Amino acid sequence: MTDSVLNSVILLTSLGVVAGLVLYIVSKKFHVHENPLIAKVEELLPATNCGGCGSPGCKAFAEKLVNTEDISDLFCPVGGNDVMKLVSEALGKEVAEKDPTVAVVRCQGSCEVRPKTTEYQGPRSCAISALIYSGETDCQYGCLGDGDCVAVCQFDAMYMDETTGLPVVITDKCTSCGMCVEACPRDIIEMRPKNKRDLKIYVGCLNEEKGGIAKNACAVACIGCSKCLDICPKDAIIMENNLAYIDPEYCTMCRKCVPVCPTHSIIETNFPPRKEKNVEPVKTQNDA
Amino acid sequence: MLRTFPKGGIHPPENKLTSSKPIKRLPVPKVVYVPISQHIGVPAEIIVERKDKVEIGQVIARSGGFVSSNIHAPVAGIVTKLDMIVDTSGYKKQCIVIRTDEKNESNYQRVEYPLKREITLSPEEIIQRISDFGIVGLGGATFPAHVKLNIKKDRKLDYLIINGVECEPYLTADHRLMLEKTEEILVGIRILMHALDVDRAIIGIENNKRDAIEAFKNLTEDEPGIQIAALKVKYPQGGEKQLVRALLNREVPINGLPLDVGVVVHNVGTIFAIYQAIQHNLPLMERVVTVTGKNLENPSNFWVKIGTPITDLIAEVGGVPEGTRKIVSGGPMMGKALKNFDVPVTKGTSGILVISEDEASRGEPKNCIRCGECVSVCPMGLEPHLLMNLTEKTLFEKAMQEDILTCIECGSCSYVCPSHRPLLDYIRFGKSVSKQLQSKKA
Amino acid sequence: MSDQPIIVSASPHVHSDRTSKKLMYDVVIALIPAFLVSLYVFGISAMITTVVAIVSCLLFEYLIQKYLMKVDVTISDGSALITGILLAFNLPSSIPVWMIVIGSLVAIGVAKLSFGGLGFNIFNPALVGRVFLLVSFPVQMTLWPTALENNTTVVDAVTGATTLGMIKEGVQFGETMTELSAKIPSSMDMFLGITGGSLGEMSAIALILGGLFLIFRKVISWHIPVTLLATIAIMTGIFWAIDPEHYANPLIHVLSGGAVLGAFFMATDLVTSPVTKKGMVIFALGIGVITVVIRLFGSYPEGVSFAILIMNAFVPLINKYFKPRRFGSRIKAKIV
């Protein structure tokens, strides 16, 4: 009896010692030397591994930051200027400062204003349905509504609005990592400056077709009428392929273009209500 | 034992409703919509302007490169617009709109050209004319025909294979053409044999077209160079690689072409177009289209001008039947579902299939039960369930290691899946991403 | 033209009318002959065992999917029904009802749904249920009612050992096969199913009939059953040829125990078997070898269940290494 107890104690102890020794030797022999700075920088990064910086994860980005001489064109969109400042202090290298941006959905083609002319059957993925045809509506530039952007968002900053069938960005949660921009086969999502109080004015349409055709497909399409172009005091609007685009760099948020748009395709968000009573307020879908 | 390819394949219900219907000529449409991208490769460049008067057969868009093709005016008339309209790809594409000149006689002439046997042109002239006359593969892939014929001198080539398989259910365009233009096709084959300098040709025809096999056999009895091969009915035998394997027991290598095993394959429709171009100076302006569907009043085969809106074809067979939920350009296995009825017939349109509600709906996808049915029917020896899985998880590198790019998109896997999984939908997506990745690397 | 918009979807636009549901119900049909034989042999207790197993499998699937996993309930797809029948077929008819319920819970809850449901399980659910019971309640699981003695009343555990059990015990006590052959049922009885054993495993003829139906309906391919039975026959044949007094002849091995049931219905389970034909052969070969090793040298008289479960674990590996040959891999493309 005592023998078997003793035997097993000896056996297990020696097993433990041998295993420990092996582990020790292996960890010494195969030790990988790593620049301690990398771990330090990685600590500073937000650890979301979203890939918004262009590197396949925070660790890879930290390595890149440490190993690159000039890091002024590297930026962590999730951490923003605060994190980049810390990185700059830790590494003693110059970093760029960028205005915070946020994702906006440049399509207002809800089920109501953009009637479905066909029915798609197949996997619910924008990328897959885009391979087959131009989508359930007659607009081949607008949102496909299958939510690839929502699926890739790691920050729960997007959801599909059931009534409109369009994705909505929750601006407070959006880290501007840019995954949704890449996921969208239609390039509908754009990163625009967040500005103070999240004020934004942008054209909620990408339809390049001529006015009548665009309007037929979708009631709130940009018809390329150039009215906004004429009224803009700062020349911030570019008109190309029957489509207006508001350049955020020049836009001063004067809001003059919004009421003149005959199809209400220019969206303004988070502005105080207008004083003039005769102007119909424009519905926005991207307020959340 | 009839010959066939050994691995995979399926046998869907044939439903060849129109195999006994002679090809009728569709009345000349009032307006034709001619897309400039009707072939694989670079779109053609438009060389006409609005309000231009065009003659029948005039080049209206010029080939945009080596892998591209000229496009000819299928009718005489006036260019009314250069417009964007939805074509078979499901997207709006550039197209030339021509209003038919009703007074112009050439639109209505019904010249039945007499059979012309002797070949007067040299091989170089033949290939040049095939290129000039906008001839592309009419089997559906629409690969410019002259590209396949421009063969470097050092490549060994010993067989010309003529694809008369038409393995897609419902379609009978090639079948009818083989019956009605048997001699012309044989002359076309001789033209190509002359141009390619090969002395052996095989016509592969599936055994459900006994009459076509007999017709060819009767005419080639004393011609040892041209062989007629009856094939077992099995989809996708019309695929180039499967056909070469079935006829010659040669396996086209991965990422290779039939030329790698000394073979050039052409569809019978293409051969007839080549005959017309070489012997009668006719560019590719019309083709045979099967208009079919179980609920149609009078499904038929037609000679159709390129650019004719599909509405015109359906009106001719008795209109859109009650309960139609899907229209397909091409066959049910590989055809493309169309977005509306205004899509024009292009060089690749082999059929228009009208499908009713109960046939159109896809089953609700369920869990994969790993029955392996997709694996056993895949003619390329792939594992569709695995490829779908990898694509779903966006593991495209891995999918490429599993040879996702060799998939010929025949749809056999989706056809047999008892759980109605959208296998090909995902594989197609995986292929397109993998191709992008590959070209990025290169 | 109907009022609804036209449908656009990717090709192919036609689909075969085979559905996974139909496959499942084909399996159920194929199991009917074996069930009828067990009704004849064991009487009402066979009915009770089968019904209890089916009902509890369906019930557990329903309850777990609805209240625990909160997913769509899939009891109508037929897979839980098959699990129930196969579990019952692997139990002695004298087993207490509460044990059947526990076996069903393990089969459905642990082996199937905890992996994610139909299609995701690695191990054959019915076999996991059976083996769980066998390991937990070895006494009740190896008490076999003697054939044809109790087809009118339910008798509590009258025992006659199974053929394999008798051989194993006999050989251990030094009896020779000649002495044993007097005790064990004749091959003909085993073929027809007039013998002791689990509910559905005795009648080779009924099982083969069902199996042929499945092969005819293309639910299963011949590769697994043929390879499995051939492996068992050849391996036991070799031992028998060396020492016929010590080892039973291959016919006894093939016809007794769960070999035929396993070959046609358990090992061929679509979810837990390899996808390629090559893989299926390797898989069945493995099951055959392990079965024979357990039967001849292990402590259990029967090893088909264990063998199938062990090989189930190898299926992902088999799928990885036994791939179909890619078309065109015979020669390399010339670089043009």
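The contact between chain B and chain C takes 56 residues from chain B and 37 residues from chain C. Here two residues are in contact if their C-beta atoms, placed from the backbone, lie within 7 Å. This is a predicted model: local features need pLDDT of at least 70, side-chain atom pairs need 80 or more, and totals for chains, interfaces and linings use all residues. Residues are numbered from 1 along each chain as its sequence is written, while chains are lettered from A and ligands numbered from 1 in the order in which they are written.

**Exercise 1.** Find which element gives the most to the side of chain B that touches chain C.

*Solution.* 
- Step 1. Pick the top contributor: E15(B), with 5 residues.
- Step 2. Sort this side by class: 25 nonpolar, 15 polar and 16 charged. Ala, Val, Leu, Ile, Met, Phe, Trp, Tyr, Cys and Pro count as nonpolar, Asp, Glu, Lys and Arg as charged, and the others, Gly among them, as polar.

**Exercise 2.** Describe the side of chain B that touches chain A.

*Solution.* 
- Step 1. Count: 11 residues of chain B are in contact with 11 residues of chain A.
- Step 2. Locate: helix H14 (residues 423-441) of chain B supplies the largest share, 5 residues.
- Step 3. Classify: 4 nonpolar, 2 polar and 5 charged.

**Exercise 3.** Decide whether B:Ile352 is buried or exposed.

*Solution.* 
- Step 1. Apply the cut-offs: buried means 20 or more other C-beta atoms within 10 Å, exposed 12 or fewer, partly exposed in between, with C-beta atoms placed from the backbone.
- Step 2. Read the count: B:Ile352 has 29 such atoms, so it is buried.
- Step 3. Name neighbours beyond four places in sequence: they include B:Val289, B:Ile310 and B:Ser329.

**Exercise 4.** Judge how compact chain C is.

*Solution.* 
- Step 1. Take the make-up: 15 helices and 1 strand.
- Step 2. Compare: the radius of gyration is 22 Å, close to the 20 Å from the globule rule for 336 residues, so chain C is as compact as a globular protein of that length. The radius is taken over C-alpha atoms; the rule is 2.2 Å times the number of residues to the power 0.38.

Definitions and conventions:
Helices (H or I, at least four residues) and strands (E, at least two) are DSSP runs, numbered from the N terminus.
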